[in-house]
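Dear colleague,

I am handing over the structure below, together with some notes on what was found in it. Please read the notes with the structure open beside them.

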Amino acid sequence: MMIRVKMLANYREILPPEAINGVVELNVPMGTTVYDAISKFDIPLDDTSVIVLNGLTVELDTPLQEGDMVTAFSAIAGG
Amino acid sequence: MYGWHLKILRVNLTTRKVTTEEVDPKIARDYLGGRGWAIHYMYKEMDPMADPLSPANMLIFATGPLTATPAPTGNRYMVVTKSPLTGALAHSNSGGEFPTWMKRTGFDMFIFEGKASEPVYVLVNEDQVEVRSAAHLWGKDVHETTDILKAETSNDARVACIGQAGENLALMAAIMNDKHRAAARSGVGAVMGSKNLKAVVAMGNKNPPLHDPEGMRALSVETSKNVGVDVKKGSNMRIYGTSYVPQVTNTLGILPTRNFLQGTFEHVHNIDGDALKDNYLIRHTPCYRCPLSCGRLTEVPDGPYKGKGEGPEYETISSLGTGCGVSNLAALVKANYLCNEFGMDTITTGMTIAVAMEMYEKGYLSEEVIGMPLKFGDHDAMIAMIKKMAYMEGFGKDLAMGSYRLAEKYGHPELAVTVRKQEFPGYDPRGSQGMGLLYATSNKGASHMEGDVAYEEVFGVPVKENPLTTEGKPELVKHFEDSFALIDSSGLCVFVAIRYVFNKDRMIWPERLSEMMNLSTGAGYTPEEVMQAADRVYTLERMFLIKAGSGPEHDTLPHRMLHEPLPDGPAKGKVVELDKMLPEFYKKRGWDEKGYPTKEKLMELGLPF
Ligand code: SF4
């Protein structure tokens, strides 16, 4: 199934060149979790990163569905 | 005592009498400094029912015990007064250089009272204090005023002043310092204008003596190095300043768009941090001695929006940008420059134009009344409105009263997205429930800077909280409110200082901050004591609000937030579930079920009852 991974701001630097606006498409097997998808990329997988599924807060072992978007950004106070 | 000078400068503008006062060390300790000292004096001396634009209002500039010390981001001051926009308290924070220079005059706090009979500025050069004519400055913008004052006093002086908006008593007028830094919110610039006080100029060499200078230096170096990812090269704040945030809030569906009609903006990529960096960024500019350096000098080199200045910050992008449906970055950058030059809060300015745009599109405001069409996304009309507001020209007179008064005058107060008549900042609380509770109860009306729970709900700092749930939020909001009262009283900037109030388990517990305060002041605070002092400050402010007629009956949210579900994005279908959070919040604060601090709570905090 096809899913998308999006990196925001400074995390974009680790994306491959084919990424458009920080988004890459991935073809992954059924049962792939948020964790499986995001761990393909070189970002810290601890509480210095925020990872959301379709903009929502979820557990990292949540299985993905066709068309899902996993987004990651660095945890830092702003605004 | 160390850290504090324990000295206040009081300037009565009516009589032009200047006095200096000692601060009781017990009061200094119990109220921390900055915002805390200011409310202590206001509560003691001022009639809370006073008209904010009358001579009876007090205008207080207050530094904290960490201002002008080596503590990283120890460069802040607070402007505290009764707000003409909200009728509640204003406490607006600003950095840059002026606050450090102000503390080096040898005074921790300046109190301005009364009203000058003609425009004046106040020069404070240590013990030499003069009230001088500002006739030649009236009508000048912030940049011109700053340049003239430095030329006629000293290049070593630093200037805080108002622009045309403050002179004309626009209710979104800011007090600007070092040209680009703003004590922005709640109309503090209008209070300064009402006193005919155009500017304050500070200079001197009286650094506060420190209790333990060596310890202070060591902890400051360690803090700069290790306090978090923020200050490291390559962090988002280092690269983008706050302009990276639209990408985050758009992802979560809480980016205020078209006066909160939507939570996502389809053109966000045109106006976010990358677009700004790639097109207009010149270099980064820090506040004094800040290891993070999140400010950005920018320039639009040519074309109709040509200009040079600092910013825009996230809050400007989410108000003058997405709030107004504007996707032209050059125009947005220019709008930000204009607000800084006229001395205006970009949040209230942008969201007031946004409500006027919605009212125009719905047919509640006509082209005749406005003087031109005013559709969402019309960036030239937006810029025209800013100028009209600053000069109070035509329809600008209505706009300059803020969105609530504007919408009410034309029959649709339900369209104003305000609490206590102050406009929301850039987090739609329908998708960030804790922020909804914060806005509803904040002592200064809707504001993120009263206790930014978005740090957890949105940014994952110190830990990520689900923004769509209400469980645990009352306690979290109280924690953040107290932490911000503490930071605002200490003289630090929240962007870095939020890291000073975590313990090693990433829970909010101010071990590092209390240690810093001790190295500065020698007051021997425990973390418990500084948290209790912050609670004291917050609760005394609440008492002021109650006496000012801005009490619990105003702890609510506008119609759109309670009754119109978000139509798009991840938080689609959500409203703010305020009634699920408010009773528990009152309990956590030690207030009764109606929202009044209990006698027991006041006694516990040593406050009058
Ligand atoms: S973090 Fe930014 S706003 Fe805060 S003191 Fe540093 S440069 Fe100034």
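Helices (H or I, at least four residues) and strands (E, at least two) are DSSP runs, numbered from the N terminus. This is a predicted model, in which local features need pLDDT of at least 70 and side-chain atom pairs count only at pLDDT 80 or more, while totals for chains, interfaces and linings use all residues. Residues are numbered from 1 along each chain as its sequence is written, chains are lettered from A and ligands numbered from 1 in the order in which they are written, and side-chain values use heavy atoms, with hydrogens and water left out.

Two loops of chain B

Ser83(B) sits in the loop that runs between strand S4 (77-82) and strand S5 (89-94) of chain B. With a relative accessibility of 0%, Ser83(B) counts as buried (buried means under 20% relative accessible area, exposed over 50%, and partly exposed in between, with a 1.4 Å probe and protein chains only). Apart from neighbours within four places in sequence, Ser83(B) is in contact (heavy atoms within 4.5 Å) with Pro52(B), Ala88(B), Leu89(B), Ala90(B) and Ser186(B). A polar atom of the side chain of Ser83(B) lies 2.7 Å from the backbone oxygen of Ser186(B).

Lys115(B) belongs to the loop between strand S6 (109-113) and strand S7 (120-125) of chain B, and at 39% relative accessibility it counts as partly exposed. Lys115(B) and Leu13(B) are 102 residues apart in sequence, yet 5.0 Å apart in space, C-alpha to C-alpha. Once neighbours within four places in sequence are left aside, the residues in contact with Lys115(B) include Leu13(B), Pro55(B) and Asn196(B).

Helix H16 of chain B

Helix H16 (residues 379-391) of chain B has 13 residues and reaches 19 Å from its first C-alpha to its last, which is close to the 18 Å expected at 1.5 Å a residue (the expected span is 1.5 Å times one less than the number of residues). Among the buried residues of H16(B) are His379(B), Met382(B), Ile386(B) and Lys388(B), and what covers the buried residues of this helix includes helix H13 (329-342) and helix H14 (346-361) of chain B. At the start of H16(B), a side-chain oxygen of Asp378(B) reaches to within 3.3 Å of the backbone nitrogen of Asp380(B), and H16(B) is followed by Met392(B), whose phi is positive, near 55°.

Salt bridges

Over all chains, a search of the whole structure finds 39 salt bridges (a side-chain nitrogen of Lys or Arg within 4 Å of a carboxyl oxygen of Asp or Glu). One of them joins the side chains of Glu481(B) and Arg589(B) at 2.7 Å, N to O; this pair links distant parts of the chain, with Glu481(B) in helix H21 (residues 473-490) and Arg589(B) in helix H26 (residues 578-589) of chain B, 108 residues apart. Both Glu481(B) and Arg589(B) are buried.

Arg589(B) also meets the side chain of Asp535(B) in a salt bridge (3.0 Å, N to O). Asp535(B) lies in helix H24 (residues 527-547) of chain B and Arg589(B) in helix H26 of chain B, so this pair ties together parts that are 54 residues apart in sequence. Asp535(B) counts as buried at 5% relative accessibility, and Arg589(B) is buried with a relative accessible area of 0%.

A further salt bridge is formed by the side chains of Glu604(B) and Lys601(B) (3.4 Å, N to O). Because they are three residues apart in helix H27 (residues 599-604) of chain B, Glu604(B) and Lys601(B) are separated by about one helical turn. Glu604(B) is partly exposed, at 48%, whereas Lys601(B) counts as buried, at 9%. Lys478(B), Glu481(B), Asp482(B), Asp535(B), Arg589(B), Lys601(B) and Glu604(B) are linked in a network of salt bridges.

Where the two chains meet

The contact takes 37 residues from chain B and 22 residues from chain A. Between them the two chains bury about 2300 Å², 60% of it on carbon and sulfur atoms (buried area is the accessible area, with a 1.4 Å probe, that two parts lose on being put together, summed over both). In chain B, Asn236(B), Thr251(B) and His269(B) lose the most area to chain A, together 21% of what that side buries. The count between chain B and chain A is one salt bridge, in which the side chains of Arg12(A) and Asp274(B) meet at 3.5 Å, N to O.

With best wishes

Terms used: A polar contact is a pair of N or O atoms within 3.5 Å; within protein, one must be able to donate a hydrogen and the other to accept it, and residues adjacent in sequence count only if both atoms are side-chain atoms.
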